[in-house]
Amino acid sequence: MSSEENTTGMTRTTRTTTDRVAWRSLEEKVDPSRLKDEACGSDVVKQHVGAEELFQLNRRKFLTLSGAIGTLASVEGCIRRPVENILPYTDMPEYVNPGVPSHYATAVSEGGEVLGIVSTSYEGRPTKLEGNPEHPTSRGATSMWVQSSILDLYDHERLRGPRQNGAPSDFASFDKFFSEKIATLKQKGGAGLYILTQPTFSPTYVRTRQLVVDRLPSSRIAVYTPVPNSNAREAARLALGVPAHAIYDYSRAKVVLALDSDFLGTDPGSTLSSRQFANAREMESAAGSMNRLYSVEPTLSVTGSNADHRLRLPAQDIARYARALAAELTSLGVELGQVGSSVKGAQTEGIPEQWIKSVARDLYKNRGQCLIVAGPRQPVAVHALTYALNRALGNSGKTVTFTEPVDAQEPENFDSLKTLVSMINAGRVDTLVILGGNPVYDAPADLNFAEALKKVPTSITFSAYSDETASLSTWQIPRAHELESWGDQQSTRGDYSVQQPLIAPLWGGRTDAEVLAQIAGEPNWRAYDLVKTTVETRGIKGEVAWRKLLHKGISDTRFGAVLGSTPLRDAEIAAAVQRLGSVAPLPANTFEAVFTVDNKILDGRYANNSWLQELPDPITRITWDNAALFSPTTAKQLEIKNGDMVRIKHGDRAIDIVAWLQPGTAAQSIILPLGWGRKQAGTVGNNKGFNVYPLRTLAAPHFISGVTVEKLNKKYALAQTQEHDSMEGRPLAIDATLAEYKNTPNFPEYKSPDPHQTPLWRMQDYSTGEQWGMNIDLNTCTGCGACAIACQAENNVPVVGKTEVARGREMHWLRIDRYYIGDDADEPEVAFQPVACVHCETAPCENVCPVAATSHSPSGLNDQAYNRCIGTRYCMNNCPYKVRRFNFLNYNQEIPETVQMQKNPNVTVRFRGVIEKCTYCVQRIEGARINARRQGRTEVRDSDVDAACSQACASGSITFGNLNDPNSKVARKRKSDRSYALLSEIGTRPRTRFLGKIRNPNPEMNTVKS
Amino acid sequence: MSADAPIKEIGETPLVPAHVDHAFISNEVSRVTEQRAPIGWWLVFGTALIALGALGLSVGWLVWNGIGSWGNNSPVAWAWDITNFVWWIGIGHAGTLISAVLFLFRQKWRTSINRFSEAMTIFAVICALLYPTIHVGRIWLLYWCFPIPNQMSMWPNFKSPLLWDVFAVSTYFTVSLLFWYVGLLPDFATLRDRAKDVLRKRLYGAFALGWRGSNRHWRNYERAYLILAALSTPLVLSVHSVVSFDFATSVMPGWHTTIFPPYFVAGAVFSGFAMVSTLMILCRQVYGLKDIMTMKHLEMMNKIMLVTGSLVGYAYSMEFFIAWYSGNEYERYCFINRATGPYWWAYWTMITCNVVSPQFFWFKRFRTSIPVMFALSITINIGMWFERFVIIVTSLHRDYLPSSWGSFSPTIIDIGCYVGSIGLFFTLFSLFLRWIPMVAMFEVKAALPGAQPSHHGAHEEHDSHAALAVKEA
Amino acid sequence: MQIFPRSLNYLPLVAAVGVALLGGGVTFGIWYYFSPKNTQTGYAPEQPVPYSHKLHAGELGIDCRYCHANIERSQEAMIPPTQACMGCHAIVKKDSPKLAAIRGSWAGGTPVEWVRVHRVADYAYFDHSVHLAAGVGCVSCHGRVDQMDVVRQDQPLSMGWCLECHRDPTPNLRPKDQITNMTWTPTAEQAAQFAQATVKGPEHCSGCHR
């Protein structure tokens, strides 16, 4: 009741004291607000008098009445909700606008490639990373690792300050110690100083390292990372005479042959590869053409699961296959020169003939627009051979080219670590500075790095965590996260970006360049100065250019020369291929162990990232664990079942690990994903899965043959998010071959027809205003899982942990269904289908909610009001797509303060007992709508809003937007003849529609079987 | 009731033996509430109390910790909670059927079991109501289900079958309670009149609402009773039909079925009668009321179980037929999965208990053997629980998208909540046996050979009692 | 034998009616008196600084947006930084004891701990800028702030209250240039013109709840 009313009420009463006053409401009789004051101890008497005058009742009645209300009011008025304070800035920064996010361009180096990104920050608190559309390696897309790196930034278990011999110390005393140490080392020209670093893309880093080399000439640098791309690099060195990056352009390749390569998954630069691959695969209409992918690999990788033809071969036989293929190509008239002679007489046992003849013919037919790519696991010679083949097939300059790397001095990975260890053992290392990495955990087992490290008098480890390595060092110093420090990165293509800190280092921390500069004795060793100098030395001079570089996130000019025209050194390649020799096929009942980089946590660096831990593996759908993968037939022979513990032995080395039957695994290969079984990763990563590094030696870091398997009679429970692999013949993830597509362009709708009957009730009119919708193109979706993590980051989706996942309570709003097609358990065709709430126009969930907590918005969204939900779970039952998630327990309890900082302020963090689900990122939609209104626009433009999943998707499979805008991406894609609605026969009229998948098998190869 | 119709049961044999007269009935029935409770009673009551404690703990933990304390998950978002709800509601059916429908059909043999089954109904419905209450994620907001004006200007969603449930079940509860209480008035009066000490007099007197069995009382009483009977008859059908809508109106294969309402009602009556005869046989033994709850009664009930059991069996087969006939692959799979999938054992338990076991009642030997019928009544109760489990869990655990198929396994809290509810039921029921006449004395009297089934007869009868009481005082 | 007094004969009736009334009464009471209309409006906590809107906005006639800057661009209420106060009070009234807290904050760089007065219900994402853009004046929700020495909550800020305006904003619409004017009243033709206005607040859940 407004203040005016009160006053009038009261004045009226004072005016007429004698005659009865009629009142409209109780407040007018006794003004509660005043009673509140009274109860809060303001003048009591006046109140009573005024009131008694007001209505001529006997005092007793009045007192009871006012008393009643009085107490009520007082209870409410005084102790209202807990008093909240608002703390404004004292001196507000110029560009800060509270409540309005700001965006910064920066870059991250992730698994062998640099990605340009743009961050979203609220009051200086980064909450989300997106790809930088200006940056050629990301083109606005991101990988799951970039998406989850924001969680790593806020990880409360990071190293929180320097530690000396395990005891907390501080930077002051470290710097004192460090400078003295360096001083003493300087006198010996750096003798006894060893620096162990990781492969880098940072020019500043290279520059500062050069300073060290120049000023402490006797110091030595080692470079090590457990799963390097060094074979490709060494091959380039071998083939070109200079170190180089091989750059592939999948968008121009009609035929791609992947030799144990996972270029759509874990290989470096998969984000860009996926985008390019999708471009070549996308089908506008049945008239169009698409690429064809052959994959030869021991394990079913993301790439292999997207292949049109897939051959299971042990990793060691890939070389044989490559040679056989090369031989076949020469016989087709491809000019290989000396290399040609080196591949003669290749052993083809166990390789189907058509896989040599037809594939060769297909490649030959597509000279100049095909591509052969080998994976990091394969030996240098295989890579060199592929370079030769690509050139011979006329692909150089078209689908393949070479660029000069940032770090030309990078030594061979394993050799350099080996030298380091031998130096230590020889007692020649006095001071060891480790910049990142975790060799104690992931160095080849036979090097026994842990023992070696203990021998080093002074070891200084710069690490994000107090991990296996850091905890064994004399000093452990926090290493700054890429997102909180100045730095620079140059992509393999030569695009130069400056990294700007999105937030002040949470726990202090130094960058590698800073440390090197300190060692080199640079007066201005702060990262900012170092980067600024580098930028100037690279000819980007002046404040304007500097700010432009920061703003755009990428330099105008490219660095790193393109070496396309450099001739290949056939002699060396031929020699290498000769040296490779003809590997004998594995004898029966012997196995090879293949060490694969994990699909989620890579070499173990992301072990403490709960998002990635809980994300189901794209292929196995296992969460929170790894497992030794066996081919189902092999497992049957060995009488191994899912969840059996097995002991895998090689010589005197052995590991115990849980076994898992993985369709598509080569019969004699046992796949061992690296990166698990950490002991000092943090509470999230510790003791998850099984550590397979102990089986890995210098001699064979990628695969070893002759391992033996012993079944232990122990079981181990794994948590899968999808337990059923077959579609049961239902039209769900609908696919067809190219030929079938050309015959029946609308094959998906033909298989899953729309019931064109109208509902019993009058339909809402969706013809006007914004009508949101989504398309998911199954043809280009690789199933990588970046969308799922992007969704998790954007929508504060909680992590529930292994036991809850095992109970079937994972909370992912966007899940990727993975189905196997075909009856041969060893040769599955794979279909991926991302499923989130499809926003049915006639949603079954809406009718059944007793409290109307889920209802439809005028723009076609299926809204979920968390704060209205009472949790009957009826909607969850009645959802045919099973995309509604229920907070069975309070999954958001006790989130560490720093992790809370990551939460999106525009999305409610859900309490236990409520249902949640995909909202089409309604916070973004509403944000865009409000923005439009602010600018006086009534409509939201297609470019204004995008869903987190579609924004992250590298292959552009997910399109989101306004269906009523004929020019929007989504509306155009909707017109495709491959568009169909999932479970359309129920008549739910989903707003998310799928586009049928097309397979492009080689007509010559009647079957995909090996 | 017509005054002149001879009180004969089917088969022309009197419903109660010859030696039974008014006084006998009053004594036989009243003594239960007047004498010390037999050891059997204490056993039942004690055990029930313990189970009730378990319920308290389980529910407490559930509310404190969240629905996650149960085994429910995605896709099985409803499991034991709603299974138990439907089971209890079903059991709560016999009461109204016996009291109202049989009353309207002038089935005299109902007289000695109606009180009993009504009581059972009320307690069963109380147990049933427990589950919709505790199965919600945020129980403290449950009042949003009721159309109460509020500052959010939000109303419940009247389209939701769950909301219909709220109204249907609460209505049913209210009416059953009234029906029961009205029926109790004369007997409370009798107890009051027989009472020795003042406390009993006052208590029963208070509940008797000053019943004196006057002419007017009887006329009003019979009218009221008739009206309530008429009112609750449609409820017999409505309640369980509405409960079945929870499933029938959904789009889930195995739920989306038009046969559900009649099928559920038949099943409800089935389980209801099973529970009644379980309890009856127990009390009959414990309190030796063989002459009042005669074999005749039990046999009649067994016949009804045979009929309803076969009805349910028909429904099962019809579901399968329709699933096949519809040609809907999801529907088909759902039913094949029920019989052959991971939960095949639940399905076949259901078939054995509900369809096969009642068939024994074709034979008089079994129909009239106490052990057999007791065993069978228990079996049927179990079977009916499994029916609900099969409908809910096996339909949910494998629905449209194989990717999200899952399975369900109960937790200790699930078990606690279920066993506990049985405890609650038997606690209430044993209290009822102890303090309230378990047989409608005056109705049985009305069913005596030669009794005047009109209020006059009963009237005099009661006056005589009153007089007696006065003398004693 | 009479064990109950005659007067008890009406007890059942009275009890029945009593229970019914009580139930209804409690429902009504809770709905009416526990609604924000009674519990929230009139909340006027004491602030760390005795800042008077009546003086600044009323008598001095400083525009709301002078201190609450950016409010047209952000969802936030934009409680001004100490800086904003010092803008004037570095010169004006620079040693007034009332401003001690401000000076302290400015010197020490510690924020002034203002007590929140207006609080929209939890889980409602209210955005100031869009309401201003739609032409809803400050006074519609905050009342005559220019007459308040101590700011008090003037409106219930309850969901029902929000919906009233979202369903029919017309009475609260005004020309964009009059947004901060506390005394503006529409002329006849303006009223007519706003009656035609198509602007309308969202009524679906996600309009406010995300």
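Reply: Start with the term. A salt bridge is a side-chain nitrogen of Lys or Arg within 4 Å of a carboxyl oxygen of Asp or Glu. Keep in mind that this model is predicted.

Me: How many salt bridges are there between chain A and chain B?

Reply: The count is two. In one salt bridge, the side chain of Lys882(A) meets that of Asp399(B), at 3.0 Å from N to O.

Me: Which elements of chain A each supply at least two residues of the side that touches chain B?

Reply: Two strands and two helices do: β30 (815–821), β34 (885–886), α29 (844–848) and α30 (874–878). By class, that side of chain A has 26 nonpolar, 13 polar and 14 charged residues. Polar contacts between chain A and chain B join 33 residue pairs, both residues at pLDDT 80 or more.

Me: How is the size of an interface often given?

Reply: As the accessible area lost when the parts come together. Here chain A and chain B bury about 4,400 Å² between them. Carbon and sulfur atoms carry 54% of it. In residues, 53 of chain A are in contact with 58 of chain B.

Me: Now the sheet. What is the strand order in the open sheet of four strands in chain A?

Reply: The order is β36-β29-β38-β37, with mixed pairing. β36 (958–962) and β37 (979–980) of chain A are the edge strands; each has a single partner strand, so one side of each lacks a neighbour in the sheet.

Me: In what sense do β37(A) and β38(A) pair?

Reply: Antiparallel, over two bridges, with β38 of chain A spanning residues 992–995. Tyr980(A) has Phe994(A) of β38(A) as its bridge partner.

Methods: Residues numbered from 1 in each chain as written. Chains lettered and ligands numbered in written order. Predicted model: local features only at pLDDT ≥ 70, side-chain atom pairs only at ≥ 80, totals over all residues. Heavy atoms only, no water. Pairing = 2+ DSSP bridges. Contact = heavy atoms within 4.5 Å. Buried area = accessible area lost by both parts, 1.4 Å probe. Polar contact = N/O pair within 3.5 Å; in protein donor to acceptor, adjacent residues only side chain to side chain. Nonpolar A, V, L, I, M, F, W, Y, C, P; charged D, E, K, R; others polar.
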